[in-house]
Amino acid sequence: MLSIKDLHVHYGAIHAIKGVSLEVNDGEIVSLIGANGAGKTTILHTVSGLVRATSGTITYDGVNLRATAPNKIVSLGMAHVPEGRHVFSRMTVQENLRMGAYSLSNPEQVKQNIERVFKSFPRLKERARQIAGTLSGGEQQMLATGRALMADPKILLMDEPSMGLSPILVKEIFRIIETLHAKGITILLVEQNAKVALSISSRAYVLETGSIAMAGNAAELMEDDRVRKAYLGV
Amino acid sequence: MDGLTLFIQQIINGLRVGSVYALIALGYTMVYGIIRLINFAHGDFIMVGAYALFFTVPLMIAAGMPAWMAVFVAIIVCAITGVLVEKLAYRPVRAKGTNMSALITAIAMSLFLENLAQTLFGASPKQVKTIFDLPMIFGFSGNTFLTIAIGVVVMVGHSLFVKYTKAGQAMRAVSEDKSASKLMGINVNGIIALTFAIGSGLAAIASLMYVAQYNQVTNMMGSMLGLKAFVAAVLGGIGIIPGAMLGGLVIGIVESLSKAYIAPLTGGLITSAFSDAIVFSILIVVLLVKPAGIMGKNIGEKV
């Protein structure tokens, strides 16, 4: 479904991504784990077109994403929940959701999608007219997720959804991710919280300073000594 | 004329000139809101609009149409000018340069437009044919009321557009977070171009209001008008749309009242020629007391 081959990304003189290849197949939850600064977010940004790659290929359903404008990528069925939520903090919850559906042209469908998101996140419905900047961190994460769902994505890129949330909220967010997956959405998950990420994933990649250090079945990686030492703290 | 009538007259005059400032200030504030650039060429868009009126008003009259309909031509000319300036001058600098180089480019565009107009049309003022000729209402000029009414209608329409339409909401989204907007599928450069088109279109309406009053066009007319409207935008809180409208009206009223009363109040020591100085002093005072402007807020961001 999503395939990255020999990807290289530079920020000026810094070689941030050094030949990363990864696959996400239809219906999977795949996690990309690794320490701060390993390049996880850069990979997601490159897939979404916010950052331009130096070389390599990124294809999604046969489409070359490196040659696709970022604003066209959403309509291909890919949505991105950015790190740090990035909700539009001066706009209302409802307006944020509308922006998520910017790529849809049928107003009826937008309405239906808003109802569907409200059903999955009743808290957002209660706060529909509230300014997004006044929501709590957990609510903002729900809004960012709901906003991405407004575009009817087939694949969801989620960047550090657990960041800054209490353990109870982390549990809730991951329960939501599993629900979305059960509804048929493919997920590429970037997380520093390796334990939780691996527990819901089918496969995972371990990224170290811009290269894939390990890859494989999530359950097996969880048992791997190096992973346990470096990322699970045991 | 008794004192009260004079005072009301001055307030109404202030609202008239203030609504012109408000429409221009909207253009400054919209562009600042979306790309954090003070578009110093914005004042000169009024001049572009005024020349467009100068040339098309006679055509409208000759065609037997109402003269004011020339404003539609002026809006199109200004919108195209605004989008071209953004595309050819600001966008390349934005992609490569710093905020400072963008600001200097804006000053350069302002000088370029002023000198281009001088080369094309000469430096001497041009007389524009009468656009409105309304009768007096309650002893006040009908043109004044019409100008204020146009200003109010345009401001209300603009606010509704920004609040409720998809494009207006996208403008707010882009002004807040360009990366997140791209992730939503918003064509960010397209929305920036739209912002320039609308801001410049508002400047064209402001030139109609201005030219209908003063009947004169020069290549330098935009510089002082633009500067005062910029003061209005900063006074109201730059980047905040209702702030620009409020700032414009406040500046208009202050200017009008100071012109009328400053000489009698100071026994002729300060003449009405100082009204501009008073306008700019007010800006300094407001910014000392409330640096973000009248409607500006320093909202802490939740992380």
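Strand S3 (residues 29-34) of chain A is largely enclosed by the rest of the structure in this predicted model, because six of its six residues are buried; buried denotes under 20% relative accessible area, exposed over 50%, and partly exposed the range in between (1.4 Å probe, protein chains only). Helices (H or I, at least four residues) and strands (E, at least two) are DSSP runs numbered from the N terminus. In a regular strand the side chains alternate between the two faces of the sheet. Both faces of S3(A) are covered, with A:Ile29, A:Ser31 and A:Ile33 buried on one side and A:Val30, A:Leu32 and A:Gly34 buried on the other.

Pairing of strands requires at least two DSSP bridges between them. S3(A) pairs in the parallel sense with strand S8 (residues 186-191) of chain A over five bridges, and A:Val30 stands opposite A:Leu188 in S8(A). A parallel pairing over five bridges also joins S3(A) to strand S9 (residues 203-208) of chain A, where A:Tyr205 is the bridge partner of A:Leu32.

Rings of Phe, Tyr and Trp (its six-membered ring) are paired if their centres lie within 6.5 Å, and are classed as stacked for planes under 30 degrees apart, edge-to-face over 60 and tilted for the rest. By this rule, nine aromatic pairs are counted over all chains. One of them, B:Tyr51 with B:Phe121, is stacked, at 4.4 Å centre to centre and 25° between the planes. This pair links distant parts of the chain, 70 residues apart, with B:Tyr51 in helix H2 (residues 42-62) of chain B and B:Phe121 in helix H4 (residues 99-121) of chain B. B:Tyr51 is buried at a relative accessible area of 3%, whereas B:Phe121 is partly exposed at 25%. Ring pairs join B:Tyr51, B:Phe54, B:Phe55 and B:Phe121 into a cluster.

Between the chains, helix H3 (residues 93-100) of chain A packs against helix H6 (residues 166-176) of chain B at an angle of about 100°, with the axes 10 Å apart. H3(A) is therefore roughly perpendicular to H6(B). Axes are lines fitted to C-alpha atoms, for helices over the stretch in contact, and angles run from 0 to 180 degrees between N-to-C directions; those under 35 degrees count as roughly parallel, over 145 as roughly antiparallel, 65 to 115 as roughly perpendicular and the rest as oblique. A:Glu95, A:Arg98 and A:Met99 in H3(A) meet B:Lys166, B:Gln169, B:Ala170, B:Arg172 and B:Ala173 in H6(B), contact being heavy atoms within 4.5 Å.

Residues are numbered from 1 along each chain as its sequence is written, and chains are lettered from A and ligands numbered from 1 in the order in which they are written. Local features need pLDDT of at least 70 and side-chain atom pairs count only at pLDDT 80 or more, while totals for chains, interfaces and linings use all residues; side-chain values use heavy atoms, with hydrogens and water left out.
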